[in-house]
Amino acid sequence: MNGTALQDRPSASASWRIALPHSAAAVPVARALVRTALAELEHGADSDTAELLTAELVANAVEHTAGDAPIELVVELLPSGCQVEVHDPDPAPPGNLTRPVDTEPDPWQEHGRGLLLIRALSSSCGHRPTESGKAVWFRLPAVPSQWRPA
């Protein structure tokens, strides 16, 4: 279920937390961390989708928050999948993360599809306030081993 409500958060079997620069350079670093975290533990979540959605969250945090305060990436590997959060200093909720828009993105524009991708590809997503701003998150389920590439 997508939404702003605090969800019951299952215990993580492993987690990573890293401060990232408030610049476009944060996107490939975040993707690499997620890829490494899922590969090193041979976790069952879809790494490609996790990387894509992480890149969207980090890019949105960089683009839509003012200042140069670092953003923070939190990756939690759960028995049921994974959860990725991006913390930024802006308390304003992300545009249309938890509610679909009435209009489709303009196919000629480079922007406007990130939150749509997060809603469509994650098992759940949302945002919550933090002491220093907000956390925007998504979850992906573990993929059964027989469906994973060899």
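Me: Before we start, a salt bridge here is a side-chain nitrogen of Lys or Arg within 4 Å of a carboxyl oxygen of Asp or Glu. What makes Arg-31 and Glu-51 a salt bridge?

Reply: This is a predicted model, where local features need pLDDT of at least 70 and side-chain atom pairs count only at pLDDT 80 or more, while totals for chains, interfaces and linings use all residues. Residues are numbered from 1 along each chain as its sequence is written, and side-chain values use heavy atoms, with hydrogens and water left out. The closest N and O atoms of Arg-31 and Glu-51 are 3.5 Å apart, within the 4 Å limit, so the pair qualifies.

Me: Which other residue joins Arg-31 and Glu-51 in a network of salt bridges?

Reply: That's Arg-35. Arg-35 and Glu-51 meet at 2.6 Å, N to O.

Me: Why is Glu-51 called buried?

Reply: Buried means under 20% relative accessible area, exposed over 50%, and partly exposed in between (1.4 Å probe, protein chains only). Glu-51 has 7%, so it's buried. Arg-31, at 29%, counts as partly exposed, and so does Arg-35 at 38%.

Me: Why does His-87 count as buried?

Reply: His-87 comes in at 12% relative accessibility, so it falls in the buried class.
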